[in-house]
Amino acid sequence: IRHLYFEKERSDVGEALLAKAGDHLASFEQNYAFYHIFGMSCNAHHGKLHSSQSHVEQLLQAHSFRIEHENAYYVLDMRCITPAGNSQLHLCSIPRSSEEKFEVHVNVEVVGTAQVKYLTRNTAYLTWIGVVERYRSQGIGREFIKLLTQFLLSKQYHYLHTDTASDNVPAQQLYKTLGFQKEGCTRSYIQV
């Protein structure tokens, strides 16, 4: 199940939608809901169900779906971030239609990569970011994000959304120190 949204007061609609999906789900060995590989949904930009949709979660749980994975969800107003200060890093952009891949270089060596999806006129979503292992714990991830925000601001994007696994404490600390605000959590589900 990729999308399952209905008004809070209309659990009957949710039941009807889930029953309709159930006809199709019966042919599969294992069933998932809001699994991130299915793609982006309208409430969580990596496809998982946002915690603000608790009525949807209650319906899923009533039908034997359990939490498969949980992420912490963050939003940054990029207009508030201080510019990058590491002059050794250079950002390289590789545009695609609704997303863009980025590399950060020290001299000619790629030391990190990231991918950003463009959601609305002023909102981007950081789908992933990584730094080459031997360059970790040197502040490159922090500066990489600052370079990304400068680039996005120059394109008139003001907000950057992202997420990370709920147990990925180092990434959560990095986001918090850069000014990201935690905006709930998102979850995927598996039927047991």
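This note sets out numbered points on the predicted model shown above.

1. Basis of the model. The structure is a predicted model, in which local features need pLDDT of at least 70 and side-chain atom pairs count only at pLDDT 80 or more, while totals for chains, interfaces and linings use all residues. Residues are numbered from 1 along each chain as its sequence is written, and side-chain values use heavy atoms, with hydrogens and water left out.

2. Secondary structure. The protein contains four helices and nine strands, where helices (H or I, at least four residues) and strands (E, at least two) are DSSP runs numbered from the N terminus. Their order along the sequence is α-β-β-α-β-β-β-β-β-α-β-α-β.

3. Overall dimensions and surface. Along the principal axes, the C-alpha atoms fill a box of roughly 55 × 30 × 30 Å. The protein exposes about 10,300 Å², of which carbon and sulfur atoms supply 50%; accessible areas come from the Shrake-Rupley method with a 1.4 Å probe, and for residues only the protein chains shown count as cover. Of the 192 residues, 43% count as buried. Buried means under 20% relative accessible area, exposed over 50%, and partly exposed in between (1.4 Å probe, protein chains only).

4. Contacts along the chain. Contact means heavy atoms within 4.5 Å. Among contacts between residues at least 6 apart in sequence, 67% join residues at least 24 apart.

5. Charges. The protein has 19 positive and 19 negative charges, and their mean positions are 5 Å apart. Lys and Arg count as positive and Asp and Glu as negative, whereas His and the chain ends are not counted; the place of a charge is NZ of Lys, CZ of Arg, CG of Asp or CD of Glu.

6. Nonpolar cores. A nonpolar core is a set of buried Ala, Val, Leu, Ile, Met, Phe, Trp, Tyr and Cys residues joined through side-chain atoms within 4.5 Å. The largest such core has 30 residues, and those with the most contacts inside it are F102, Y118, L152, L160 and F180. At least two residues of this core come from each of β3 (65-77), β5 (99-106), β6 (109-118), β7 (123-131), α3 (140-154) and α4 (169-177). The largest share, seven residues, is supplied by α3. Another core, of 13 residues, lies apart from it and includes L18, L25, V56 and Y189.

7. Surroundings of F102. Leaving aside residues up to four places away in sequence, F102 touches L91, C92, S93, G112, T113, A114, V116, Y118, F144, L148 and F151.

8. Aromatic pairs. Rings of Phe, Tyr and Trp (its six-membered ring) pair if their centres lie within 6.5 Å; planes under 30 degrees apart count as stacked, over 60 as edge-to-face and the rest as tilted. The count by this rule is six aromatic pairs. The ring centres of Y175 and F180 are 5.0 Å apart and their planes are at 55 degrees, so this pair is tilted. Both Y175 and F180 are buried, and ring pairs link Y74, Y175 and F180 into a cluster.

9. Loop residues. N107, in the loop between β5 and β6, has phi near 60 degrees, a positive value in a residue other than glycine; at 66% relative accessibility, N107 counts as exposed. Q156 lies in the loop between α3 and β8 (159-165) and has phi near 75 degrees, likewise positive in a residue other than glycine; its relative accessible area is 52%, and Q156 is exposed. G139, in the loop between β7 and α3, is partly exposed, with a relative accessible area of 34%.
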